[in-house]
Every structure is written in structure tokens, then in C-alpha cells.
Amino acid sequence: MDNDRKKPKLDYFLASLSLFLLLLGAFVVLLPLGVVFLTSFTSPTALGESAQKGWTFVNYQDAWQRGEFLLAFANSTLVALAVTGLQIITSALAGYALARLKFRGRQALLLIVLATLVIPFQLLVIPIFLVLKWGHLINTYGALILPTAVSGFGIFLLRQYFLTIPVELEEAAAIDGANRAQILWRVMLPLSRPALVTLFLFTFIGEWNDLFKPLVFTTKPQLRTVQLALAEFQEQYTNNWPLLMAAVAIATIPVILLFLVGQRQFIRGIAATGIKN
């Protein structure tokens with residue numbers, strides 16, 4: 001009887017401890033972001049001892065105009081959407097083949113795909129640069145899109161999710177006369193929305209935050225992305241913290257909103273991909 005009475009108390013204590021640790025972790029993670037936004041709304045004079053002003057949105061207007069973020073936003077959006085679309089297409093095709101098709105060397109091919117996950121992109125920059133130069137793609141959108149058009153992570157993610165879908169659904173579609181392409185398009189992909197959203201978020205946010213490719217493969221101001229514009233802005237306004245934090249907030253807000261919109265599908269996609277090996 002004593003053990004039965006102590007068990008609810010222990011469960012309550014563990015639940016309270018877990019909640020406390022989660023809140024503490026969230027506070028630690030969100031604290032830098034909160035400092036960024038609070039500083040971005042502060043007038044430059046409010047940082048000194050003779051502060052007389054309060055909150056202001058002037059920093060955002062000045063940062064947007066001085067950093068010329070309109071063109072950078074357009075370039076980053078175009079590159080991120082193009083890379084994301086190509087990765088979804090290639091990952092769906094390759095992931096379905098590795099999950100359902102029986103062919104010689106399938107496991108070896110899967111190991112090669114997994115091996116690409118441990119190879120840093122920076123290690124391949126020289127051969128990629130030479131290939132882009134040979135194809136006359138330097139200083140073009142192709143240099144920002146093609147090097148990451150295929151993702152080993154995306155292939156593995158969709159492959160794992162396809163394995164969780166009952167094969168009986170495909171057999172029923174095949175009995176109705178559907179071929180492999182129709183099964184993938186009309187059966188597998190609609191059921192894989194959480195994994196597709198997860199891949200979309202990972203890829204889009206990764207491309208949006210990418211500084212390496214624009215810095216190495218482009219020199220034209222017309223091809224500046226958000227992160228490259230932010231890096232140049234930081235060099236010019238290093239000592240103006242409110243203005244700099246406003247620029248950081250401008251570059252960060254789109255991906256935060258995107259994640260908040262797709263977070264439920266993101267969590268479902270991550271949770272489901274580990275169900276079956």
C-alpha cells in the first residue's frame with residue numbers, strides 16, 4: 001500500500017522535474033534571440049548613460065535600406081526554393097527506389113548515401129568549383145543551386161518514412177492498374193507529407209542560412225544572398241549594435257515564421273522516420 005501511494009508522488013515529481021528542465025532549456029536557447037530582438041528595438045542613445053528614448057522601429061527601416069536586403073531576400077528565396085524543390089524530387093525518387101525496389105547492390109548504394117552524410121561540404125569545394133568553372137556556372141544561380149540539389153539526408157529520410165507505409169496500399173494500387181510512378185505520386189507522397197515538410201524545412205532553412213556557397217562561387221553584387229548581405233552589413237556597422245541586431249532580426253524572422261507554421265508536421269516526420277529500419 002505504501003508503494004502504491006508513493007508511485008503517484010514519484011510520477012508527479014518526475015513530471016515536474018522534466019517540465020522544469022524543458023523550461024530551463026527553452027530559456028537558455030531563447031535568451032540570445034530575446035536579446036537580439038530587445039536590442040533591435042532600442043535607440044542608439046538608449047545604450048548609453050544618457051538614454052532618453054524608448055522603443056523604436058527606426059532601426060529596422062534603416063537596416064533594410066542600408067543593407068539593400070530586398071534583392072538579397074529575392075535571391076535567397078529563389079535559391080532556397082529551387083534547391084528545396086530539387087532535393088524533394090531527387091530524394092523521393094531515390095528514397096522510394098531504396099525502400100521498395102529490389103535490385104543488386106541496393107544495400108551498398110544505401111551505405112554510399114549514408115557515407116555522404118559524414119563528408120563536409122567544404123571538403124568538396126575544390127572539385128565542385130572546378131566542375132562549375134568547366135560548365136561556365138560561376139557567378140550564376142546555377143552555382144548556388146546545383147551543388148546541393150541532391151541530399152543524402154533527404155534520401156535517407158524519405159526512405160525511412162516510405163518503409164513505415166504498409167506495402168498493401170501499393171499492392172492495391174497496382175491491382176487497380178497503377179504503375180510505379182503513379183504509386184509514388186498518388187499513394188506514397190500524399191502519405192509522406194510529414195517527411196516532406198521536414199525535408200522542406202531542413203533544406204529551406206539550411207539554404208537560407210548558407211554563407212559558404214555565395215561567398216565562394218559568386219562575386220557579383222546582383223547575386224548577394226541574405227547571409228552575404230548580413231556579413232557585409234556587419235563589417236560596416238560593427239559598433240552600431242541596435243542597427244546590427246535589427247539586420248540580424250530581419251534575416252532571422254522568415255525562417256522562424258516558417259518553422260512555426262510547419263513545426264507540427266516537422267515533429268511527426270522526425271518521429272516517424274525511426275519506427276522501422
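Modeller: This is a predicted model. Let us start with its largest nonpolar core, which has 23 residues.

Biologist: What makes a set of residues a nonpolar core?

Modeller: The members must be buried residues of kinds such as Ala and Phe, joined through side-chain atoms within 4.5 Å. In the largest core, Ala-63, Phe-69 and Phe-233 have the most contacts inside it.

Biologist: Which helices each supply at least two residues of this core?

Modeller: They are α2 (58–66), α3 (69–100), α10 (193–208), α12 (226–236) and α13 (241–272). The largest share, 9 residues, comes from α13.

Biologist: How many residues are in the second, separate core?

Modeller: That core has 18 residues, including Leu-163, Ala-173, Leu-184 and Leu-196.

Biologist: Why does Ala-80 count as buried?

Modeller: Buried means under 20% relative accessible area. Ala-80 has 0% relative accessibility, so Ala-80 counts as buried.

Biologist: Where is Ala-80, and what does it touch beyond four places away in sequence?

Modeller: Ala-80 is in helix α3. With residues up to four places away left out, Ala-80 touches Phe-204 and Glu-207. Ala-80 and Leu-144 are 64 residues apart in sequence, and their C-alpha atoms are 9.1 Å apart in space.

Biologist: Which residues of α4 and α7 meet?

Modeller: On the α4 side they are Leu-110, Val-113 and Leu-114. On the α7 side they are Gly-152, Ile-155, Phe-156 and Arg-159.

Biologist: How many helices and strands are in the chain?

Modeller: There are 13 helices and 0 strands. From the N terminus on, every element is therefore an α in the run α-α-α-α-α-α-α-α-α-α-α-α-α.

Biologist: What percentage of the residues in the chain is buried?

Modeller: Buried residues make up 37% of the 277 residues. The accessible surface comes to about 17000 Å², and 68% of it belongs to carbon and sulfur atoms.

Key:
Residues are numbered from 1 along each chain as its sequence is written. This is a predicted model: local features need pLDDT of at least 70, side-chain atom pairs count only at pLDDT 80 or more; totals for chains, interfaces and linings use all residues. Side-chain values use heavy atoms; hydrogens and water are left out. Buried means under 20% relative accessible area, exposed over 50%, partly exposed in between (1.4 Å probe, protein chains only). Accessible areas come from the Shrake-Rupley method with a 1.4 Å probe; for residues, only the protein chains shown count as cover. Contact means heavy atoms within 4.5 Å.
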